Structures are given as structure tokens and as C-alpha cells.
Amino acid sequence: MMLRLDQIVARFGGEIVGAGDTVISRIDTLENAGPGDLAFLANPKYRCQLATTRAAAVIMAPPAAEGPAAAILTPQPYLYYARVAQWLNPQPAAEPGVHSSAVVEGEVAASASIGPNVWIGAGAKIGDGVMIAANCSVGAGVEIGSGSRLAANVAIYPGSRLGRRCLVHSGAVIGADGFGFAREVTGAWVKIPQIGRVLIGDDVEIGAGTTIDRGALGDTVIADGVKLDNQIQVGHNVQIGAHTAMAGCVGIAGSAVVGARCTVGGGAVILGHLHIADDVNVAAGTLVMKSIESAGTYSGAVPFLEHRQWLRNFSRLRHLDAMADKIRALEQRLAALEKKA
Amino acid sequence: MMLRLDQIVARFGGEIVGAGDTVISRIDTLENAGPGDLAFLANPKYRCQLATTRAAAVIMAPPAAEGPAAAILTPQPYLYYARVAQWLNPQPAAEPGVHSSAVVEGEVAASASIGPNVWIGAGAKIGDGVMIAANCSVGAGVEIGSGSRLAANVAIYPGSRLGRRCLVHSGAVIGADGFGFAREVTGAWVKIPQIGRVLIGDDVEIGAGTTIDRGALGDTVIADGVKLDNQIQVGHNVQIGAHTAMAGCVGIAGSAVVGARCTVGGGAVILGHLHIADDVNVAAGTLVMKSIESAGTYSGAVPFLEHRQWLRNFSRLRHLDAMADKIRALEQRLAALEKKA
Amino acid sequence: MMLRLDQIVARFGGEIVGAGDTVISRIDTLENAGPGDLAFLANPKYRCQLATTRAAAVIMAPPAAEGPAAAILTPQPYLYYARVAQWLNPQPAAEPGVHSSAVVEGEVAASASIGPNVWIGAGAKIGDGVMIAANCSVGAGVEIGSGSRLAANVAIYPGSRLGRRCLVHSGAVIGADGFGFAREVTGAWVKIPQIGRVLIGDDVEIGAGTTIDRGALGDTVIADGVKLDNQIQVGHNVQIGAHTAMAGCVGIAGSAVVGARCTVGGGAVILGHLHIADDVNVAAGTLVMKSIESAGTYSGAVPFLEHRQWLRNFSRLRHLDAMADKIRALEQRLAALEKKA
């Protein structure tokens, strides 16, 4: 696809500096862009690359800077880049039809695309333009809204519902049993039937290998616009508010309620039955062990050290209480001396 | 299904308060239960909901409380709830037979159910009433005991053995190679063939995306009644004792031996070659870096703070040793002064 | 297979102690080896087992020790064990051909083996002797070099490239979209098209459930000889240097660059855009939150304690800054007193 800067600005706004008929066909970083490419400057750290970039034009925040042959000025260059990149890289349209090797027991819209060796159980409803790639398993009664896409090897348990324009990556599992057991006196576990569902809103992205359990009683609910990276674990009856985004390897234990527009960094863990307010940012590697009632940024991330330094410092963690006691004793003894003096 | 309270008590024991012919057909929480529902009070925190519940009857510990129309009194209401819920929600029976799209090279009991696009390798033995859902791959020589169920898209490597009444969730991988390499002087790795097996007992549940590696030499052994949540990683030659339960995202490195009736919280990591005694509880987020020789509860979970508080406090972790030195110096100087005074 | 010690030494070097015509057919640990077995002593901790082992011969470092009937002396017994074990346990050769249930749209070498219900997309190139097990999905345009093996249920996205002699375990996902979004003022996320590839070198092993995202712009690159254990998450545009090995459950955020010959312990997390030098060892459970510029061993692992001890000590983490302040105040007061005295 070839686009002129004035075409781009006509669609997305912004101010052109230089020749509006500059033609671009690709988008790339300042460093890697070549002739015919549109680059972007989102992080001020890379400003110095403006002088040497070979890009035909650069998306950047005002004011205009010397260097690039042309520019589009916009207050949010990263967001602008995302939109131009989407225009330049449209999703391949679904090739309507059901592959001859697929086993379809449910209802599939004529415009949907069902790939090789897919299984779709009885009573499932697959909406308009949905794409389901090879080797997916879609359980009985599952509903998938129009325009959603499943990459290869996704498993969706019976009764789950996905909204419109969702994107589910390979290896994701939606609707497995939550982890619920009662304990006998002997220590043996008695399974609690997991009879709730997973309800997923519109425009949700679910990463590779991410698992979202069905509710025990009641449902697990993922609101519109939520973005989950790879290998995230969402326990039964969790609720995640609209437009919340979580990075890879996050774990959320059962019945936790996470607000809207939150961000959760990679590897963070949120314990069960907690409540996280709207607009909370949790740093990577944080263990959230109590509810967070107000917006803000929270961290429990532990710094690292060179091994010998670590040995010397972190072994003290076992003795922090004794250190505090020693300080208190010192304060008392010093006060006594000061009184005398 | 419709059940009368006196039928329930005839099967599971307990004492009825109110009308024994009260009929229930569903089980739900105190808050959500409506007419015709049986609710339960397991956590004293919800006791206040007894006054307003619309449930037809409530399972609770004695003594009887005002509020619900009827009750079943039992010392362990959560366990009782689990049993009634199982009765009300029986597992769907296997529809015997092999789907026409499945590729079966092994031996399958006539009462087993093999779903679409399943592969079962040569020499595998699939027991009575086993259910294997769509797109599972069961390697050569695998044995699966009667009544076990595999959800869709499970992969089991050749030679693994599962006991009876196991439940394996989607995306689980049983029997992949352990992580074993010897290092050349150049830094390159030479693979150590992983020739052991995975042996899984009866009544084991394995969560979505959980991976259990085969032994290097000798076997990886999961005892009866073990419950593993989603995305748990079990390294080669690990042994897990009977009725131990682990929450999501736990990692257990090679050759660790975990005792019976242990519980391990979400995201905890147990390092290799360690020994964990019976009846040990490991808190969520704990890194177990040495063996635990006696029953009890252990934690290394790190509290979190609001970002500015975190900056101020956690940067001190790099200087704990210096703080300890300063305290010691203060003690000496103070002792010297005290001597003089 | 039956091997004589002198045959083994002729191939791999080392010095025989005892009868060179001793025949062995299996390899096992000192403890478990029986007659006809070759054992190895790699960890000095097990030296005491030399006296009681029933092995026919033992691989060990010089000097020769009393006990075993025969021995092979070599400075690196673990590496030697790996090589002998590989000889004794050769990989099963691919049975050339495409299973009748597989759907192949790409190009497959005649010597390759394509299992049941596999899908291979248009334009894919599958090299000589490649083995692809059941239910794998290989996207359009994927290239897989000769001798590589995919276990069952692996998903590879369009455009990814794997080198020669790679081994990819079940549930692994290669080439899913990276986690890239720009944020609107409303908090909603706009997806940044992920148009880069995953490029994987020769002799790379990828564990079960491990996910490697494609680049956003540019590629994600895994160099020759890298070994990744199970459930590792590799973000978009990450680069991992040759012969680096990572244990289970490691997470590496986008655009991180990890050097050659590094080792990363289980559950460690490396944040985005960081640079890790060659020959760095990161301990298990460490959160790497800044770049590491020189070789060495680094840790942020947190020790654990019995629950009551933990309560007493770890609650102090919220007050480390106050403790430091108290120490400083004590120093000042003491200095004032000392001046007077």
C-alpha cells in the first residue's frame, strides 16, 4: 500500500511539515527506516536519531525539528503510529467456509472461516466473519461474536462466551475448571463442581498460553477492551474491568476483582478475593496481598545484587526484627546517658 | 434434579432444621440463592447474610441460626456443600465410541469416548469409560486408567501412565523432556537423553497449561489425589506426595521431593533437589530455596507499597548489611560511653 | 544396544580402569545401577556410593577410586555421561511420509515425517528428516530446517523460521503477536500491528508451553544452541545470545537483549529494553530491573521463614527507611555525647 502524507492527515489529523505529497509504504523505527518509510518519534530518548534517519517522513510531537525531510506533527505520536500502522497492515480477511477436515456440530455464519481439523461442538454459535485457525477446539454451546479471531490450537470449554472483535492466541484455554476443593479430615480433596461460565466482552485480546477459568458458581467476567498478554492465569470468578491491560505471566487468584483501566506488570500475582480499584498500576513482580482501594502505582519489586553483595544483604532479611529491637534498645540506653550528661 | 433435604441427609448425614420435605434443585451462595436453591455458610464472614438470603435452605455448622426457612447442620459445611454439589451436577457420562476423524493406533476400551481429531499412538491402553476430547495427542504406549478424562488439546508423551478418575485440563503437557544438559568447555550444551517416565496416581487433577516433565533416569511421580492448578511446571524426577494441592503458576525444579498433604500457594517456586516434609504449607509467592524438614507454614512473600514509599524503603535492601554494621558500631561506642559514665 | 568400555573410550576418550571388555547396555545413577549398567559420579556428594554401587562400571574424574569393578576416568564425567547416554539412546528416526489425516499446503521434504491431523500452511518449507507430531499447526510461510522435531500440539505462526536440529515441545507457541498497544485518552487501547518475525537458530530446544512472540517491527531472534525450559515467555523483539540456557517459568519482556552463554534460573523475570551482558548468571526468582553490564552471578532471591518469623521480620520491609533514619539520629546524638565526654 502507498499512502501520501496528506491522505494520512486527512484521516487521522495532525499537521504536515514539508511536502504533503511525500509517499510512504511502510512504517519503521527512526533507526531502521529507509527511503519510502514513515518513522515515528515517541520516546524523547531517540530524538538524536532525527538528524540521521533516512525515513521519508517522521511522526512526532510538535514543535518541528530539523533533520527529517518531512514530518507529521501530533500531540500523541505513538497513538498516531498505531493508527497508521493498522491502516498499512490490515488484517487478512476471513476466507469464508469450513475446511473439509473440520468437525462442525454447531452453527457457523456463512462469512466465518473454520480451519483444518477444528472441532466446534453442538449448539455453538460462531458469528459473522469469525476466523478459527487449525486445531482449535470450541466446546458445546460456546458463542463467539462477529469479527473475532482464534489462532491455531486454542481450546474453549463448553458454555463460554466471547464478544466481538476479540483476538485469542494459540495455546490459550478459556473455561477450564476453577481450582475448588473441600478437604476431608484425611486430607483428601473433594472437588467442587465448577458450573459457572467465562464471559468475555468485545475487543478483548488474550495472549498465547493464557488460561481463564470458568466460575465455580456465577461467572468469570472479562470486560470490554481488556488486553491480556501471554501465560496469564485468571482464576474462577475473577472480574477484570474495561480496558485493563496485563503483561505476561501475571497470576490472578479466584474471586479477585480488578478495576477498569488498570495496568499490571509482568509476573505480578494478585491473591484471591481482593479488590483492586480503577486506574491502579501494579509494577512487575509485585505480590498483591491486600486490596488496593485507590488509584495509583504500587510495587513490591525486589532489587537484585551481585551475588556476594546479595548474600551479605539479603541474609539480613531473616533478622530485620532483631535489628529493629537493637535500634530500640540503643535509643533507650542513649536516652538514659543523655539524661545523666 | 430435584432433591429433598431428607434425601440429602439420608445420604450425607447432618441434622435438618425445618421441613425435611423442602425441595431444592440447585446450589448457590447465600447472596445469590433464590427459591428452590440450597445455599451454604462456610465462612463466618458471611453469617450476616443469613438474615436476608432467599435460599430455600442453608447448609451450616451448628448451632441453628435464625433467618433461613430450613437448614442442614453439619460440622463441615464446605465439605458438605461439595458433596451435594457433586450430586446435583454429575459429570456427563462418556458417549462410548471413537469419532470417525480420530486416529487410533492403540487399544481403546469399548466404553471409552474418543473425540474428533484425537490421535492415540501404538500400544496405548485407554481404560473403561475414559473420555478424551477433541485434538488431544496421546503418545505410543501411554496408559490411562478407567474413568479418567482429558479435556480438549491435551498432549501426553509416549510411555506416560495416568491412574483412574484423573482429570487433565486443556493445554496440559505430560511427559515432555526434562531440562538436562551437560556443558562443553565452549559453553555449548550437550543434551542428556530423558528416558524416564511420568507416573500419575488415581484421582489426580491437572490444570490447564500445566506441564509435567518425564524423568531423566527414573520417573517423575505424582501420587494419588494430588491436585495441580493451571500453569504449574513440574520438573523431571520430581515426586509429589498424596493429596498435596498446588495453586496456579507454581514451579517445581527437577528432583524436588514434596511430601503428602502439602499446600503450595500461587506463584511459589521450589528449587531443585530439595525435600519438603509432609503437611507443609507454602505461602503464595514464596521461593523455597532450602529443604523444609518439618510440618508448618512458611512464607517469603514480600509486601508491596505505594510507589514512592516503595522507592524509599526497598532501595534500603541493597544496604541492609551496612545498616547492621552501623548498629554494631553504635552499640560499641555506646558501651564505651556507658563504661566512662 | 551393548557397548564395551573400550568401544566407548575409542569414541569419546578417557582412561579405562579394569577390564576394557566389560559390556554395558544402559546408563543409570550410582544408586540405581545394576549389573550391566554404566553409572556416573558427577557430584562429589555421591562419592560414598562408589563402595556399594552394583554398576558394571563407573564414569568418574581421576584419580581412580576403590569400589566399582571398572571405571572410565575423564575430567568431565557429567559431559561424558551425556555423550554415552546419547549413544545408548538414539532418537527414533523419522518415518518418512505424510499421515493421511494431515493437511499440507506447503512444501515437505520426502524424508520428513508429518503426523496425524497436522496442518501445514501454504508456502511453508519443511526440511529433510523433520518430524512433526500430531495436531501441530504450522502457519503459512514457516521454514523449518533439517532434522528439527516438533512434539505434538505445537503452534507456529506464519512467517517464523526455525534452524536445523531444533526440538520444540508440546504446547509451545512460536510467533504470536507481541503485546503492543497505544493508549487513547479514554484509556482504550489501540493495537500496534505486530509485523516482525521469530528467527530461531540451529540446535535450539524450546520447552513445553513456552511462548516466543514475533517482533513488532523487526524480529525476535534466538541464537544457535539456546535452551529454553518449559513455560518461558519471550516478548517481542527480544534477542537471546548463543548457548544461553533458561530454566522454567522465566519471563523476558519486550526488546530485552540477553547475551551469549548466560544462565537464567527458574521464575526469574527480565524487564523490557534491558541489556544483559554475555556470561551472566541470574539466580532463580530474581527480578532483573536494570541492565547488567558485566559477567557474573546476580540475585534478588528472597529467603523464606516459618510463618510467625516471617510476619515479624517481613513487616519491617515497610519501615526500612524509618529504621535507617533512626540509625542516623542515633549516630548524631551519640557523636554529640562523645564530644561532651
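Author: We begin with a contact between two chains, bearing in mind that the model is predicted. An interface can be read by listing the residues on each side. Here the contact takes 65 residues from chain B and 59 residues from chain A.

Reader: Which elements give two or more residues to the side of chain B that touches chain A?

Author: They are α2 (77-88), β40 (305-306), α3 (307-314) and α4 (320-340) of chain B. The most comes from α4(B), with 10 residues.

Reader: How are β39 of chain A and β40(B) joined, and do they run parallel or antiparallel?

Author: Pairing between strands is read from the bridges. Strand β39 (residues 296-299) of chain A is joined to β40(B) by 2 bridges, and the two run antiparallel. Within β40(B), E306(B) is the residue that Y298(A) stands opposite.

Reader: What rotation superposes chain B on chain A?

Author: To relate two copies, look at the rotation and at the shift along its axis. Chain B is superposed on chain A by a rotation of 120° with 0.0 Å of shift along the axis, at an RMSD of 0.1 Å. That is the relation of a three-fold axis. For chain A on chain C, the superposition again takes a rotation of 120° with 0.0 Å of shift along its axis (RMSD 0.1 Å).

Reader: Which residues touch the most other members of the largest nonpolar core?

Author: A core can be read through its contacts. The largest nonpolar core has 259 residues, and I270(A), I270(B) and I270(C) touch the most other members. Leaving aside neighbours within four places in sequence, I270(C) is in contact with I252(C), A253(C), A256(C), V258(C), I276(C) and V288(C).

Reader: Is P68(A) buried or exposed?

Author: Burial is read by counting C-beta atoms around a residue, and 20 or more others within 10 Å count as buried. P68(A) has 26 other C-beta atoms within 10 Å, so P68(A) is buried.

Reader: Where is P68(A) found, and what does P68(A) touch?

Author: P68(A) is in the loop between β6 (57-60) and β7 (71-73) of chain A. Not counting residues up to four places away in sequence, P68(A) touches L50(A), T53(A), A55(A), A57(A) and V58(A). The C-alpha atoms of P68(A) and S315(A) are separated by 54 Å, and these residues are 247 residues apart along the chain.

Terms used: Residues are numbered from 1 along each chain as its sequence is written. Chains are lettered from A and ligands numbered from 1 in the order in which they are written. This is a predicted model: local features need pLDDT of at least 70, side-chain atom pairs count only at pLDDT 80 or more; totals for chains, interfaces and linings use all residues. A nonpolar core is a set of buried Ala, Val, Leu, Ile, Met, Phe, Trp, Tyr and Cys residues joined through C-beta atoms within 7 Å. A residue is buried if 20 or more other C-beta atoms lie within 10 Å of its own, exposed if 12 or fewer, and partly exposed in between; C-beta atoms are placed from the backbone. Two residues are in contact if their C-beta atoms, placed from the backbone, lie within 7 Å. Copies are superposed by least squares on the C-alpha atoms of residues with pLDDT of at least 70 in both. Helices (H or I, at least four residues) and strands (E, at least two) are DSSP runs, numbered from the N terminus. Two strands pair if DSSP finds at least two bridges between them.
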